[in-house]
Every structure is written in C-alpha cells, then in structure tokens.
Amino acid sequence: MNPAAMNLKLYLHPLSSFCWKVLIALYENETPFEPCIIDLGDPASRAELERLWPFRRFPVLQDRATGRVLPESSIIIEYLGQRYPGRTRLLPDDPELALETRQADRFYDLLVHVPMQKIVTDKIRPAGQNDPFGVEQARSTLGTAYALIDRDLARRTWAMGDPFTLADCAAFPALYYANRVQPLGEAHPHAAAYLRRLEQRPSIARVLAEAQPHFAMFPG
C-alpha cells in the first residue's frame with residue numbers, strides 16, 4: 001500500500017483555486033489522500049480548520065505519519081514531491097531548472113491568481129464598498145500577464161516546455177478563473193490554446209469534474 005494512503009488529509013473547498021493546484025499535483029501522481037471539505041459557514045467545520053491553521057485559509061495538508069501541518073499550495077506540493085514522490089516530477093532535480101519553475105509558479109500565483117481574486121471578491125463586497133480603482137489595476141495586471149504568457153507559450157507545450165511541472169499546477173486554476181472574469185480572447189491565442197491543453201489533461205479534468213456541482217456558487 002502507498003504510504004500516503006493512511007497518512008495524508010487535505011482540507012479544501014472544491015471551488016478554491018489554490019486547492020485545485022494541490023489536487024492537480026495529487027492526481028498527477030495518483031497519491032492517495034483523505035479529502036476534508038471545509039464549509040466556512042459551518043461553525044464546526046470552520047473550527048476544525050482553525051485548529052490546524054488559525055488563518056482559516058485552505059488548502060492545508062496534514063501528514064499524520066509525521067505530525068506535519070502544511071498550509072500554502074506551493075509548499076504542500078514541494079513536500080509531496082520530497083516525501084511521497086510519484087511518476088511526475090513536478091519540481092526538477094536540476095537547481096537552475098527548479099529555480100525557474102519556482103519563478104513561474106510565483107508568476108502565476110502573484111500576477112494572475114491574485115489580480116483574478118481581486119476582481120472576483122469585489123463582486124461580493126457589501127454595497128457601497130467596492131473598489132473600482134483596485135479592480136482596474138487588477139485588470140491591467142492581468143492584461144500584462146496575458147501578453148507574457150502568450151509570448152512564452154508560443155513554442156511550448158507546458159509552462160516550462162516539455163515537462164508538466166509545479167508551474168502548470170499553478171497556471172491552470174489561475175488562468176481558468178481569470179479567463180472567466182477577463183477572457184483571453186483572440187488577442188492571446190497561445191495562452192488560450194495552453195488553457196485548452198491544460199483542461200484536457202486527466203488530472204485537471206478530474207478536478208473540474210469534481211468542482212462542477214459547485215460552480216453555481218462562483219460569483220464571477
């Protein structure tokens with residue numbers, strides 16, 4: 001039996017983009033884990049997450065074999081690669097390539113994911129408390145990011161070239177939701193084609209299928 005089978009518990013929400021990032025990594029390597037869906041509106045569920053991570057943000061990975069509790073998607077994926085490696089090496093062994101992969105991961109998280117979330121969360125702010133200037137800045141950041149992605153993906157299959165990596169785990173949820181609030185359109189054909197390739201990868205198709213029943217909750 002895979003040693004992860006009885007060890008790993010992932011606290012998540014099926015619509016959370018950062019949870020998708022970790023789920024993609026788990027499904028890529030067929031790593032067994034116990035999912036625990038958190039409903040922040042339910043006091044008991046909220047308290048369960050808060051006990052592990054007081055900031056009440058997901059995903060959070062609990063490894064019952066080591067007693068480790070790990071928040072933050074990139075850290076979780078690196079930990080899985082170190083302790084529960086699988087067929088897909090999501091972070092290259094070569095230090096230079098690993099650094100480039102981490103840089104791409106940060107790019108998608110900070111320059112696509114974060115501005116996308118700014119646009120989405122602004123839609124659910126209380127009346128009179130919207131931030132149109134902040135949303136305008138977020139849309140500008142997305143536009144610049146889209147142009148760079150389109151340039152880089154013109155001759156690449158995946159974010160780093162031929163191998164599927166941590167960068168792609170970060171790219172899909174960021175681009176999927178960003179495309180819903182600010183479509184890539186015909187101006188970014190290579191980025192759009194990359195997103196379509198991502199959607200067809202089995203690990204990602206599984207994440208989307210599991211999220212499908214919850215999409216009505218998405219405010220974008």
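Colleague: How many aromatic pairs does the structure hold?

Modeller: The structure holds nine aromatic pairs. Rings of Phe, Tyr and Trp (its six-membered ring) pair if their centres lie within 6.5 Å; planes under 30 degrees apart count as stacked, over 60 as edge-to-face and the rest as tilted. Please keep in mind that this is a predicted model, in which local features need pLDDT of at least 70 and side-chain atom pairs count only at pLDDT 80 or more, while totals for chains, interfaces and linings use all residues. Residues are numbered from 1 along each chain as its sequence is written, and side-chain values use heavy atoms, with hydrogens and water left out.

Colleague: What makes Phe-107 and Tyr-108 a pair, and of which kind?

Modeller: Their ring centres are 5.3 Å apart and their planes stand at 90 degrees, so the pair is edge-to-face. Both residues are also buried, where buried means under 20% relative accessible area, exposed over 50% and partly exposed in between (1.4 Å probe, protein chains only).

Colleague: And why do Tyr-176 and Tyr-177 get the name they get as a pair?

Modeller: With centres 5.5 Å apart and planes at 80 degrees, the rings of Tyr-176 and Tyr-177 are edge-to-face. Trp-20, Phe-172, Tyr-176 and Tyr-177 form one aromatic cluster.

Colleague: How do you know whether Tyr-176 is buried or exposed?

Modeller: Tyr-176 has 14% relative accessibility, so it counts as buried. Tyr-177 has a relative accessible area of 2%, so Tyr-177 is buried too.

Colleague: What does Trp-20 touch?

Modeller: Leaving out residues up to four places away in sequence, Trp-20 touches Pro-14, Leu-15, Phe-172, Pro-173, Tyr-176, Tyr-177, Val-207, Leu-208, Ala-211 and Phe-215. Contact here means heavy atoms within 4.5 Å.

Colleague: Which residues touch the most other members of the largest nonpolar core?

Modeller: They are Trp-20, Tyr-108, Val-112, Phe-172, Leu-175 and Tyr-194, in a core of 71 residues. Helix H6 (residues 166–181) gives the most to this core, with 12 residues. A nonpolar core is a set of buried Ala, Val, Leu, Ile, Met, Phe, Trp, Tyr and Cys residues joined through side-chain atoms within 4.5 Å. Helices (H or I, at least four residues) and strands (E, at least two) are DSSP runs, numbered from the N terminus.

Colleague: How does the reach of helix H5 compare with what is expected?

Modeller: H5 (residues 132–152) has 21 residues and reaches 30 Å from its first C-alpha to its last, close to the 30 Å expected at 1.5 Å a residue. The expected span is 1.5 Å times one less than the number of residues.

Colleague: Which residues of H5 are buried?

Modeller: Gly-134, Val-135, Ala-138, Leu-142, Ala-145, Tyr-146, Ile-149 and Asp-150 are buried in H5. They cover an arc of only 135 degrees around the axis, which puts them on the same side of H5. The arc is that of the directions from the helix axis to the C-beta atoms. Turned away from the buried side is a face with the exposed residues Phe-133, Glu-136 and Arg-151. What covers the buried residues of H5 includes helix H4 (95–122), H6 and helix H7 (189–200).

Colleague: Why is Ser-140 given its accessibility class?

Modeller: Ser-140 lies in H5, and its relative accessible area is 48%, so Ser-140 is called partly exposed.

Colleague: How do you know the class of Thr-165?

Modeller: Thr-165 has a relative accessible area of 1%, so Thr-165 is buried. Its place is the loop between H5 and H6, and its contacts beyond four places in sequence are Leu-90, Thr-101 and Met-160.

Colleague: What lies over the face of Tyr-27?

Modeller: Arg-206 does, at 3.7 Å from the ring centre. A charge sits over a ring if NZ of Lys or CZ of Arg is within 6 Å of the ring centre and within 35 degrees of the ring normal.

Colleague: Why does Glu-30 get its accessibility class?

Modeller: At 55% relative accessibility, Glu-30 counts as exposed. Glu-30 also has a positive phi of about 50 degrees although it is not a glycine.
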